[in-house]
Amino acid sequence: MLGPPGAGKGTQATLIAENLKIPQISSGDLFRDHQDRDTELGRVARSYMKDGVLVPDKVTITMVMDWIEQNTGVGGFLLDGFPRTIGQAKALDQALANSGGIDLAIYVNVPETELIHRLSGRLVCSKCKTQYHTIFAPPSEPCICDKCMTELNQRDDDKPEAIKKRFQVYQEETAPLIGYYQVLGRLREVNGVGSIEKIGERLLRALD
Ligand code: ADP
Ligand code: ADP
Ligand code: ZN
């Protein structure tokens with residue numbers, strides 16, 4: 001799943017993974033999990049994430065490759081938020097060379113004005129990581145997760161200054177991946193504006 005911050009990657013990745021019954025991983029969730037457990041990796045990641053810049057490739061690649069190794073042989077997997085640089089994409093191609101690389105990169109396209117609305121209202125469950133939105137996807141009870149009844153939080157990097165920086169980083173470091181996968185003939189673009197259900201249908205069609 002490829003796309004700018006707030007495109008709905010996390011929301012849709014969860015739905016697709018449930019639908020196709022494959023494991024899914026979000027590199028951002030992995031980093032936040034390390035931070036919650038206060039591991040050394042978590043402390044390194046926090047120093048970058050709080051400012052909206054990317055965690056260095058070396059650290060990120062090692063972490064995601066570990067996850068992939070533990071999750072191969074299960075009929076596929078879905079990556080959300082990784083790769084995010086050309087260096088990460090090349091490392092992934094190399095690691096999956098024997099199985100022909102990834103099947104598809106799905107680019108979820110959403111204009112920036114819509115992204116700002118989405119990010120500024122985003123709420124995340126501190127326990128199960130389900131994404132909500134104050135207006136577009138509100139929980140049944142204010143600030144409480146529907147699934148596990150835990151408190152919902154706003155992410156530090158969803159504050160205005162960090163949002164601005166993340167858009168800039170996306171343009172410079174991640175957007176080039178669209179061309180990278182296009183050249184390989186692996187890119188599918190999906191319009192990410194509309195209801196969560198409608199976009200889910202578009203994504204499943206693109207994957208079919
Ligand atoms: P978004 O909602 O912006 O897509 P994520 O939860 O995917 O956010 O990522 C949050 C932050 O975690 C990023 O701004 C970055 O600091 C770090 N991060 C996540 N994935 C990667 C990655 N593949 N490479 C480098 N840094 C990453
Ligand atoms: P990403 O992982 O790409 O950063 P998220 O899945 O976290 O994006 O979505 C960002 C915010 O937008 C969340 O608050 C989510 O509830 C909300 N959202 C997701 N999809 C839609 C949609 N189709 N319309 C409106 N809001 C959405
Ligand atoms: Zn929850």
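Author: C128 counts as partly exposed because its relative accessibility is 34%, while C145, at 0%, counts as buried. (Buried is under 20% relative accessible area and exposed over 50%, with partly exposed in between, using a 1.4 Å probe and protein chains only.) Keep in mind that this is a predicted model: local features need pLDDT of at least 70, side-chain atom pairs count only at pLDDT 80 or more, and totals for chains, interfaces and linings use all residues. Residues are numbered from 1 along each chain as its sequence is written, chains are lettered from A and ligands numbered from 1 in the order in which they are written, and side-chain values use heavy atoms, leaving out hydrogens and water.

So what do these two cysteines hold? Both are donors of the zinc ion (ligand 3), together with C125 and C148, each through its SG atom, lying 2.3 Å from the ion. Donors here are N, O and S atoms within 2.8 Å of the metal (3.2 Å for Na, K and Ca); water isn't among the atoms, so sites may look incomplete. The four donor atoms subtend angles of 98 to 120°, which makes the arrangement tetrahedral; the label needs all angles between 85 and 135 degrees. For four tetrahedral donors the ideal angle is 109.5 degrees.

Along the sequence, the donor spacing reads C-x2-C-x16-C-x2-C. C128 sits in the loop between strand 4 (122-125) and strand 5 (131-133), and C145 in the loop between strand 5 and strand 6 (152-153), so this pair, 17 residues apart, links distant parts of the chain. (Strands are DSSP runs of E, at least two residues, and helices runs of H or I, at least four, numbered from the N terminus.)

Now look over at ligand 2. R122 and Y132 are among the residues that come nearest to ligand 2, as are G6, K9 and T11, out of 19 around it; around means a heavy atom within 4 Å.

How values were computed: Tetrahedral: all angles 85-135°; square planar, octahedral: opposite > 155°, others 65-115°.
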